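This briefing concerns the structure shown below.

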Amino acid sequence: MHRPGRRIAWAAESPEDPFGVAAAAAAAGAGWKGSDGAPSSRSSSSTEEERAKGAPPVREAEARDEDEQPLLRGIFGVGKRSCDVVLSARRLSWSPIQPERPVGGSNVGLTNEEESVEMKDVFSVKLKRRRFAGQQKGGLLLGITVFVCLKKEGNKLKDSVINLSNLSEDHCYLWFKHLKEILNGFPNRPKSLKVFVNPNSHRKEAARIYHEQVAPLFKLADIRADVTVTEYEGHALKLLKECDLTSFHGVVCIGGDGTAHEVAHGLLLRAQMDARRDGDDIIAPVKAQVPLGIIPAGSTNILAYTVNGIQHTVTATLHIIMGHVQSVDVCTFSSPTKLLRFGFSSMFGFGSRALALAEKHRWMPSSQRKDFAVLKTLASLKPEYCELSFLPLEQDAQGEDTKQQKRLKSD
Ligand SMILES: Nc1ncnc2c1ncn2[C@@H]1O[C@H](COP(=O)(O)OP(=O)(O)OP(=O)(O)O)[C@@H](O)[C@H]1O
């Protein structure tokens, strides 16, 4: 078993490396680069270069200040109040306008607390119009709707809206244009995705989950999705080996762990084929060209849970839309001469035998068939011979990632 450094998946932020991009990008140049912080008028690559060269903290502070500079200031209705709204590259903030009181009048009960949202948490902006049922175009402009990704308890993400009301077309168009420009400046956010839906997963709900919960969010975020509903086991793998991935910013699978493994294997195999690595070249595998988003819809969703920190469709979808990228370890499984497949875990034959047995007993209820399979496999457990080698990513003096191979033998 080899652990060829790190692959990438859309996932929850980790405190040390919020988007896991540094290691992922350095290892093989795949995936989105740069952080998902607010885009600045300065190019993000120049800021990164400066950081890499050890730019003094004062430069970073200047860049931060620049991102805080107001780009627009205007009046909108927010909720039931008239607010003074300010937009900078980093944030959208609003505070209620205090009406002038007649002499002796009091402002008791009126708060002027500022509220704000970070632009890095905004995933879409739309013009809001009043339309009649069935009306597709036109309609009276009512203002702007800003769609925000909110962090809830327990790693959960939720979509929410802020309505900015103003009937002036010129005013709204100007704000809409600026908000769009800021959103388009986030480098990691996908615009085009290849999506695999396994209609057979768990309770056969993956297609419904996609159409009801995932597709509307992708549409809102202006993401084009090329959807394949898989027809048989191995269908996603076959398509990934053949299709042109250059027009996609990522691959998404909706299903259980079996589907996620098949798609991850296909994606990595495809990267080896494109890099002209044949089956014998198993020591130095290359990274996937694009990240993999895993949306849980299976009976077990361990992979989705591991990368997202929660088994929740909307959370997984929002991580993809927001371009949250996280590096993950991947194994290659090989015989002495041939690469067999890529995967995320190995139980030295135990897991695969138990899963194969569970597959044969699909007529049983899902909880019972898995317990039955584990117990039956345990009863006939035998020792296995294998050789393990690790390729941990390590940083050399220049900050470059290097792979060091370590071998272990076991039986
Ligand atoms: N249309 C299809 N018909 C039959 N099998 C399919 C189809 N599409 C994909 N598959 C295969 O179904 C297998 C099981 O799917 P998946 O893992 O998504 O569901 P599950 O078994 O309910 O979930 P889990 O593996 O998390 O328990 C996968 O190995 C996948 O390759």
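Helix α7, residues 257-274, gives the most to the shell around the ligand, contributing four residues. The model is predicted, and its scores are ipTM 0.94 and pTM 0.78.

**Ligand shell**

- There are 20 residues around the ligand, and those that come nearest are Gly255, Gly256, Gly258, Thr259 and Gly298.
- By residue class, the shell around the ligand divides into 14 polar, four charged and two nonpolar residues.

**Overall make-up and confidence**

- The secondary structure of the protein chain consists of 11 helices and 20 strands.
- Of the 411 residues in the protein chain, 34% are buried.
- Among contacts in the protein chain with a separation of 6 or more, 62% are between residues 24 or more positions apart.
- The protein chain has a mean pLDDT of 82, with 77% of its residues at 70 or more.
- In residues 1-8 the pLDDT falls below 50, and this stretch has 45 contacts in the model beyond near neighbours in sequence.
- Residues 12-49 also have pLDDT below 50, and for this stretch the model shows 95 contacts beyond near neighbours in sequence.

**Domains and the side of domain 1 that touches domain 2**

- Contact between the two involves 15 residues of domain 1 and 11 residues of domain 2.
- On the side of domain 1 that touches domain 2, the elements giving two or more residues are α5 (206-220) and α9 (313-322).
- With six residues, α9 gives the most to that side of domain 1.
- The residues on the side of domain 1 that touches domain 2 comprise nine nonpolar, five polar and one charged.

**Helix α9**

- Helix α9 is mostly covered, as nine of its 10 residues are buried.
- The buried residues of α9 are Thr313, Thr315, Ala316, Thr317, Leu318, His319, Ile320, Ile321 and Met322.

- Apart from neighbours within four places in sequence, Val263 is in contact with Phe196, Ala236, Leu240, Val251, Cys253 and Leu292.

**Ala373 in helix α11**

- Ala373 belongs to helix α11, which covers residues 366-379.
- Ala373 counts as buried because it has 20 C-beta neighbours inside 10 Å, and a residue is buried if 20 or more other C-beta atoms lie within that distance of its own.
- Not counting residues up to four places away in sequence, Ala373 touches Ala354, Leu357, Ala358 and His361.
- Between Ala373 and Lys156 there are 33 Å in space, C-alpha to C-alpha, and the two are 217 residues apart in sequence.

**Positive phi in residues other than glycine**

- Asn155 is not a glycine, although its phi is positive at about 65°.
- The loop between β8 (140-151) and β9 (157-165) holds Asn155.
- Asn155 is classed as partly exposed because 16 other C-beta atoms lie within 10 Å.
- His202, a residue other than glycine, likewise has a positive phi, near 40°.
- The position of His202 is in the loop between β10 (192-197) and α5.
- With 17 other C-beta atoms within 10 Å, His202 is partly exposed.

How values were computed: Residues numbered from 1 in each chain as written. Predicted model: local features only at pLDDT ≥ 70, side-chain atom pairs only at ≥ 80, totals over all residues. Near = placed C-beta within 6 Å. Nonpolar A, V, L, I, M, F, W, Y, C, P; charged D, E, K, R; others polar. Contact = placed C-beta atoms within 7 Å. Buried ≥ 20, exposed ≤ 12 C-beta atoms within 10 Å, placed from the backbone. pLDDT = per-residue confidence, 0-100.
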